Structure formats: structure tokens, C-alpha cells
Amino acid sequence: MRFVVTAGPTREFLDPVRFLSNPSSGKMGFAVAEEAAKSGHEVFLVAGPVNLKTPKGVKRIDVTSARDMLKAVKGVLDRDSVLVGVAAVADFRPKVKAARKLHKGEMPETIELVRNPDILASVKCRHKVGFAAETDRVLESAAGKCRRKRLGMIVANDVTRPGAGFGTDTNLASFVFPDGNVERLPIMSKRRLARKIVERISKWF
Ligand code: CTP
């Protein structure tokens with residue numbers, strides 16, 4: 001099976017030296033790619049700017065912005081692929097990117113933003129799995145996202161809990177399904193969670 005995994009943050013530049021982004025380390029996405037490759041799948045890892053080594057057996061495509069990420073995903077995804085969206089994609093980008101550095105006096109007081117494409121929602125393939133990093137009403141909003149984006153499953157975590165979220169080596173997550181079923185998992189390493197996700201996806205074939 002071909003797995004396409006998105007990982008890490010995206011950067012949305014305002015000028016050549018300034019961008020909007022988030023603290024995603026890419027660890028969870030890289031772990032999913034590594035475990036999928038270990039299980040014998042063909043794996044494409046579409047990675048935002050992160051400081052991580054490419055896992056063995058994984059084909060990596062580096063990207064910067066959400067629009068680059070969507071283009072790279074479309075380039076490798078086919079009808080039979082599984083797409084696992086682990087990336088923390090920036091939902092918005094500055095409407096205008098200046099061609100040169102904006103000096104203090106030129107900086108606008110407000111920055112106009114426009115929506116980025118939703119990568120998971122805008123492609124079709126055999127199975128799609130999402131991630132949801134939430135700070136409140138975690139399970140309810142995850143189930144809604146699962147249905148809206150036509151996902152087979154969403155891995156939801158409350159990033160306010162100790163040991164969960166950005167930059168940590170562990171995660172505290174639940175698998176949420178479109179019918180509202182929830183499987184709560186104990187706190188575990190991102191590697192072990194990645195193995196469980198790949199095992200769960202493998203059951204669909
Ligand atoms: N995602 C994506 N493209 C985007 C935004 C999100 O592919 N532009 C994917 C993420 O990789 C993740 C899932 O969608 O797998 C959920 O991301 P999240 O930002 O929580 O979803 P949103 O739909 O943006 O939710 P919200 O309305 O809460 O911002």
C-alpha cells in the first residue's frame with residue numbers, strides 16, 4: 001500500500017524574512033512514516049520545515065508553505081493511497097508577500113490574511129486519516145472534523161495535557177471514528193502511537 005504522510009508545520013511568508021507558523025516539531029508525522037515503512041508499505045513523507053532525519057526506506061519531499069504541501073501531496077497520491085495528515089498546516093497566509101524585506105516604517109499595522117487550502121479535505125484517495133490538536137471539547141470537535149473531511153479516523157489529542165502535543169516525545173490521544181465511536185489510549189511514546197495508527201489502518205485492507 002502507498003502511504004502519503006504530511007508532517008511538521010508550514011511557513012507562510014509575509015516578506016523574505018518573516019513568516020507565520022506554529023511549534024510543530026514533525027516528530028509524530030515522522031514516526032508514522034517510519035512505522036509504515038517498517039510494515040512494508042511504500043511511504044512518501046511530505047515534510048514542512050523540521051529538524052529531523054529521514055526515516056529509513058521513506059521517500060521525503062520537503063516543502064515550505066501549505067500550498068507547496070498540497071501540490072506535493074497531489075503529485076504522489078493515487079486513488080489507492082492512504083493519506084495520513086499529521087502536519088500542522090497553517091490555516092491562513094498573508095494576502096500579500098512582499099518581494100523584499102519590509103522595514104519598520106513600511107510594516108502595516110494589520111496584516112490581511114487569506115485562507116489556505118485544506119489539504120486533507122481537498123484530495124480523494126482510498127483512506128484518509130487526520131490529526132486534531134485541540135484545547136477544548138476535544139472529542140466532539142474531532143468527530144465533526146472526521147465527518148466534514150470524510151476521514152476514516154481522526155487521532156485527537158488535547159495539547160493542554162502534560163505529555164501531549166507539540167515537541168514532546170509522548171502523546172495522549174484517542175482514535176475518533178465518523179460514527180462517533182471513540183477509543184481512548186493511554187499516554188505512550190509517539191513511536192508506539194504511530195505503530196498503533198499503522199496497525200489500525202492495516203485492518204481496513
Ligand atoms: N489539515 C490540512 N490542511 C489544512 C488544515 C488542516 O490537511 N489547511 C489537516 C491536518 O493535517 C489535520 C487535520 O486537517 O490532520 C485537522 O487539522 P485542524 O487544523 O485541527 O483542522 P481544521 O479543519 O483547520 O479545524 P479548525 O476549524 O478547528 O481550525
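Here is a short tour of the model, stop by stop, starting at the ligand.

Before you click, remember that this is a predicted model, where local features need pLDDT of at least 70, side-chain atom pairs count only at pLDDT 80 or more, and totals for chains, interfaces and linings use all residues. Numbering runs from 1 along each chain as its sequence is written, and side-chain values use heavy atoms, with hydrogens and water left out.

Now zoom in on N and O pairs within 3.5 Å. On Phe-131, a polar backbone atom is 2.8 Å from a ligand oxygen. Move to Leu-120, where a backbone N or O atom sits 2.9 Å from an oxygen of the ligand. At Asp-118 the side chain takes over: one of its N or O atoms is 3.5 Å from a ligand nitrogen. The ligand on its own has 580 Å² of accessible area (Shrake-Rupley method, 1.4 Å probe), and the protein covers 76% of it.

**Stop 1: Arg-137.** Select Arg-137 in the loop between β9 (127-134) and α3 (138-148); helices (H or I, at least four residues) and strands (E, at least two) are DSSP runs numbered from the N terminus. Check its backbone: phi is positive, about 40°, although Arg-137 is not a glycine. With a relative accessible area of 55%, this residue is exposed. The scale, using a 1.4 Å probe and protein chains only, is buried under 20%, exposed over 50% and partly exposed in between.

**Stop 2: Arg-150.** Follow the chain to the loop between α3 and β10 (153-158), and select Arg-150. Here too phi is positive in a residue other than glycine, near 55°. Arg-150 is exposed, at 72% relative accessible area.

**Stop 3: Val-182.** Next, pick Val-182 in strand β13 (residues 182-184). It is partly exposed at 36%. Beyond its neighbours within four places in sequence, its contacts (heavy atoms within 4.5 Å) are Leu-139, Ser-174, Phe-175 and Val-176.

**Stop 4: Glu-35.** Finish in helix α1 (residues 27-38), at Glu-35. Is Glu-35 buried or exposed? At 4% relative accessibility, Glu-35 counts as buried. Show its partners, leaving out residues up to four places away in sequence, and you get Arg-191, Ala-194, Arg-195 and Val-198.

Terms used:
Polar contact = N/O pair within 3.5 Å; in protein donor to acceptor, adjacent residues only side chain to side chain.
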